[in-house]
Amino acid sequence: MSNADENHLIAERRAKLAALRRQGAAYPNDFRRDALAADLLATYAERDAPWLEANPVRVRVGGRMMFKRVMGKASFAKLADRSGAIQLFLQKDALGAAYEAFKDYDVGDILGAAGPLFRTRTGELSVRVTGLELLAKSLRPLPDKWHGLADTETRYRQRYLDLVMNDASRTVFRARTQIVRYLRDALDALDFLEVETPMMHPIPGGAAARPFVTHHNALDARMYLRIAPELYLKRLIVGGLERVYEINRNFRNEGLSTQHNPEFTMLELYWAYSDHNELMQLIERLLHGLADSLLGTRLVNYQGRAYDLARPFRRVTVAELVLEHNAGFDPARLRDVPYLREACGRLGLAVKPSDGAGKLQIEIFEKTAEHTLLDPTFVCAYPAEVSPLSRSNDADPFLTDRFEFFIGGRELANGFSELNDPEDQAARFRAQVARHEAGDDEAMHYDADYIRALEYAMPPTAGLGLGIDRLVMFLTDSPSIRDVLLFPQMRPEA
RNA sequence: GGGUCGGUAGCUCAGUCGGUAGAGCAGCGCCCUUUUAAGGCGUUGGUCGUGGGUUCGAGCCCCACCCGACCCA
């Protein structure tokens, strides 16, 4: 940006920076803090003005100046650091030339200040500044101190400004880290091993989704950003690691919405000698623990509605929900393709000629039932047709031992007993390839090495995928996935 | 992809019937030694998202496009 493009506010600050450069180092790096604002406020919360007078506590604090009030020969300012903010009191008598320099400092500048703590007339713990230093000049003015930064586009594109201005935003991202740490600690305690598997796949697998495509020059090979780590993690189960998990990004080449970002974070875990029922119990335990540790209550408020996580989570099948939400649906014809096709037509659903009863059921379920699943609900017994990696149900091979978990009408998790029969898996891959060739670009590819791995035998295993972003949204009362991603995907600026 | 709403000063926002672009905060100058959105006086600051069109005249009306939010698919 040329100077001609800058407004007078920036021009004035740039002139002040130029003056600083003439005086010496404009960006000093020798100031050291010995205290954080919130620690001081907490430590001396009970100390009154006379005590602080009698027991001088000298501190060195640093941070961004968030307000500045000059009243002639005395001034107040507030310094914000990562913990919070503390007020400074500055007097000409005590500071001399540094006081005159301070009057040229701007809100937004990074300052270092030293001096004893005291209480103002109104009782606010403050630093009576005896030494002051400008550490980094802010050339651009901050948003309005009272209204803050409200423009959503700027909040997402310039997240640093959002973090400077909005406490609530900082709180959300701290909570996100706490949630991920809680999950790691809980799984580590269960003797799960955290692993890293490839983000670049020669064959996209593990989910039904369109991938991002890239190219490896040295190998002259097409590569895909992973849509899921599933097939790699299960290779590790074959390898005998028995309990593994990965918390990392997946990439799906799909639209953006309040629920979808092209890159999003999943927890995937694989648990040998377990099954989908134990996964449901695990989810319930994890959600209880998260609510307890993060919120201190199992009564979660999300977007104005109360969710009582202490009540047992509902369990219901796909078929039951289709019947529940489609009055007059003939329960005897749940697997009758022409009947289902007709029902889809009435609902305005576009179906493919290749869609079978399982796929059609799921279309109807998603259209009519999914959004109604507000309280925590496990939807069980997904059709095999839409579950190419799940173990078939022993009593009814039309179904699999699979569930999805919903809160607030949104899918939060997907879990199942893993298909460890290599011949069944090979047949399912072949069916997926046929769908792909019939034009379904979300259908899976045939992964020969994965079949080879299963042929060495994979123990009976349960596997779970948990959407971290949506979990964080729920636990932080955030309406959009962009509110829980530090840098959500945006169209490039013009 | 469709619909609704929005884009005006650094920030938050007004802008009437189409008739000289405004306020608060921030900034700049002066005053002010315990403020709490400090206060007082004065004052600078505009590609009204972009490009066309209608009109004597467009922030406002029409068309196209860009960016964003939300809803729907």
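Me: Which strands does helix H8 lie across, and at what angle does H8 run to S11?
Reply: In this predicted model, helix H8 (residues 167-189) lies across S7, S11, strand S12 (263-272) and strand S19 (461-467), at about 155 degrees to S11. Contact means heavy atoms within 4.5 Å; axes are lines fitted to C-alpha atoms, for helices over the stretch in contact, with angles from 0 to 180 degrees between N-to-C directions. Helices (H or I, at least four residues) and strands (E, at least two) are DSSP runs, numbered from the N terminus.

Me: In what order do the strands of the open sheet come?
Reply: The order of the eight strands is S7-S11-S12-S19-S18-S17-S16-S15, with mixed pairing; two strands pair if DSSP finds at least two bridges between them. The edges are strand S7 (193-194) and strand S15 (314-317).

Me: And in which sense do S7 and S11 pair?
Reply: They pair in the parallel sense, over two bridges. Leu193 has Val244 in S11 as its bridge partner.

Me: Changing topic, how many residues surround RNA strand B?
Reply: There are 42, with a heavy atom within 4 Å of the strand. Among the closest are Arg69 and Lys145. Sugar and phosphate make up 60% of the RNA strand B atoms that come within 4 Å of the protein.

Me: What does Lys367 approach?
Reply: A polar side-chain atom of Lys367 is 3.1 Å from a phosphate oxygen of RNA strand B, where a polar contact is a pair of N or O atoms within 3.5 Å; within protein, one must be able to donate a hydrogen and the other to accept it, and residues adjacent in sequence count only if both atoms are side-chain atoms.

How values were computed
Residues are numbered from 1 along each chain as its sequence is written. Chains are lettered from A and ligands numbered from 1 in the order in which they are written. This is a predicted model: local features need pLDDT of at least 70, side-chain atom pairs count only at pLDDT 80 or more; totals for chains, interfaces and linings use all residues. Side-chain values use heavy atoms; hydrogens and water are left out.
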